[in-house]
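Hi everyone, thanks for coming.

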Amino acid sequence: MASDNAAKRLKTTPLSIGTHNGHFHADEALAVYMLRLLPEYKDASLTRSRDPAVLEECDIIVDVQGKYDATKYFDHHQRTFAETFSAAHKTKLSSAGLIYKHFARNIIAHRLSLPADSPSTDLLYTKVYNDFIEALDANDNGIPAYPSDISPAFNDKSITLPSLVGSFNPSWNDPAPDQDAEDSRFLQASTLIGETFVRKLDFYGRSWLPARDLVAAAVEKRFEHDSKGRLLVFEQPIPWRDHLFTLEKELGIEEGPLYALYGEGPGKPGWRVQAVPVSKDSFESRKPLPEAWRGFRDEKLSEVAGVTGGVFVHASGFIGGNKSFEGALEMAKKALDL
């Protein structure tokens, strides 16, 4: 009977997560948060220590202990470590990437109510790694985003997520915190980056992914308003750019659309004309709106463009607006020939 009671207590005891104490980084802060998104780790305790014996008592250990076995140990600091997300990736994983690689399918499935082995889960699994996790892996492993001979136009180091997480660490001239105070700072940092991860995941799962079918439909109908297929039309704003470039590659479209037209949303009568960029993250457009229209608004824009209902054209020419779909379509058609 005593052994039965002990087994029952063992089963109901929350799991435990271990990581190192002292100075913390974005990768283990996110790794801990991601684990706690899983039902089995939802109420897990956290132990932060450098004592190997103390850490060994934990059910899972991240970013410390010098071991990686994809089961209990998820450290990446050992000299022999060379794990990447997939054969197609070159960036060495950090503890965030390791936890993501082995647990993210279940995290995605649980968060978004998807089967863990569905095509949608597969697509999100790779997308979120490429667009969020990989940059954290690279940052923690000291991998630069650009060749060393390229000088950035400005300094963005102090506004990155890793830098914001790092700002929760005590400064060099602060009084040394006790372990409870240090753990509290770690949990604040973990919440900051973890909530950012969840918002990204929700966006990709609940907004970006459903938009793919709408973009595919618009690509199929792109010849309805222009015989050369240079115009896309959406009823409302959706995340279309990323999907467009993927679909162009999948469908072998060599000369893609130049403008996307979309309504401003339910209850809003206005329409936008946006120039398609040369790549999904570029500020350069395939064909900006005409230079003669740029910077003008309202009646003056209608006058210079020769289209009634003009609202604005951005100074860079990447986007403009009209009060109606018909006006936006006329603007786009005129811009194609200018």
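Let's begin with Asp202, which has a relative accessible area of 16%. The cut-off for calling a residue buried is under 20%, so Asp202 counts as buried. Keep in mind that what you see is a predicted model.

Where does this residue sit? Asp202 is part of helix H7. And what does its side chain meet there? The side chains of Asp202 and Arg111 are joined by a polar contact of 2.7 Å. If we skip the neighbours within four places in sequence, Asp202 touches Arg111, Leu112 and Ser207.

Okay, let's zoom out to the helices. Helix H4 covers residues 95-112, and its axis comes within 11 Å of the axis of H7, with a crossing angle of roughly 65 degrees. That crossing of H4 and H7 is right-handed. On the H4 side, the residues making the contact are Tyr100, Ile107, Ile108, Arg111 and Leu112. H7 brings in Phe197, Val198, Leu201, Asp202, Gly205 and Arg206. Sort the residues of this contact by class, and you get 7 nonpolar, 1 polar and 3 charged.

Now for the sheets. A quick reminder for anyone new to this: strands in a sheet pair through backbone hydrogen bonds, either parallel or antiparallel.

Here we have an open sheet of 4 strands, paired in parallel, in the order E2-E1-E3-E4. Which strands stand at the edges? Those are E2, residues 45-48, and E4, residues 73-74. Each has a single partner strand, so one side of each has no neighbour in the sheet.

Look at E1, residues 16-19: this strand pairs with E2 in the parallel sense over 4 bridges. Thr19, for instance, has Arg48 in E2 as its bridge partner. And here our helix comes back: H7, residues 179-220, packs on this sheet and touches E1 and E2, with its direction at about 120 degrees to that of E2.

Last stop, further along the chain. Strand E7 runs over residues 271-275 and is mostly covered, with 4 of its 5 residues buried. Which strands does E7 pair with? One is E6, residues 259-263, in the antiparallel sense over 5 bridges. Leu261 has Val273 in E7 as its bridge partner. Another is E9, residues 319-322, again antiparallel, over 4 bridges. There, Trp271 stands opposite Asn322 in E9.

That's my tour, so over to you for questions.

Conventions: Residues are numbered from 1 along each chain as its sequence is written. This is a predicted model: local features need pLDDT of at least 70, side-chain atom pairs count only at pLDDT 80 or more; totals for chains, interfaces and linings use all residues. Side-chain values use heavy atoms; hydrogens and water are left out. Two strands pair if DSSP finds at least two bridges between them. Helices (H or I, at least four residues) and strands (E, at least two) are DSSP runs, numbered from the N terminus. Contact means heavy atoms within 4.5 Å. Axes are lines fitted to C-alpha atoms, for helices over the stretch in contact, and angles run from 0 to 180 degrees between N-to-C directions. A crossing is left-handed if the near helix is turned anticlockwise from the far one by less than a right angle, and right-handed if clockwise. Ala, Val, Leu, Ile, Met, Phe, Trp, Tyr, Cys and Pro count as nonpolar, Asp, Glu, Lys and Arg as charged, and the others, Gly among them, as polar. Buried means under 20% relative accessible area, exposed over 50%, partly exposed in between (1.4 Å probe, protein chains only). A polar contact is a pair of N or O atoms within 3.5 Å; within protein, one must be able to donate a hydrogen and the other to accept it, and residues adjacent in sequence count only if both atoms are side-chain atoms.
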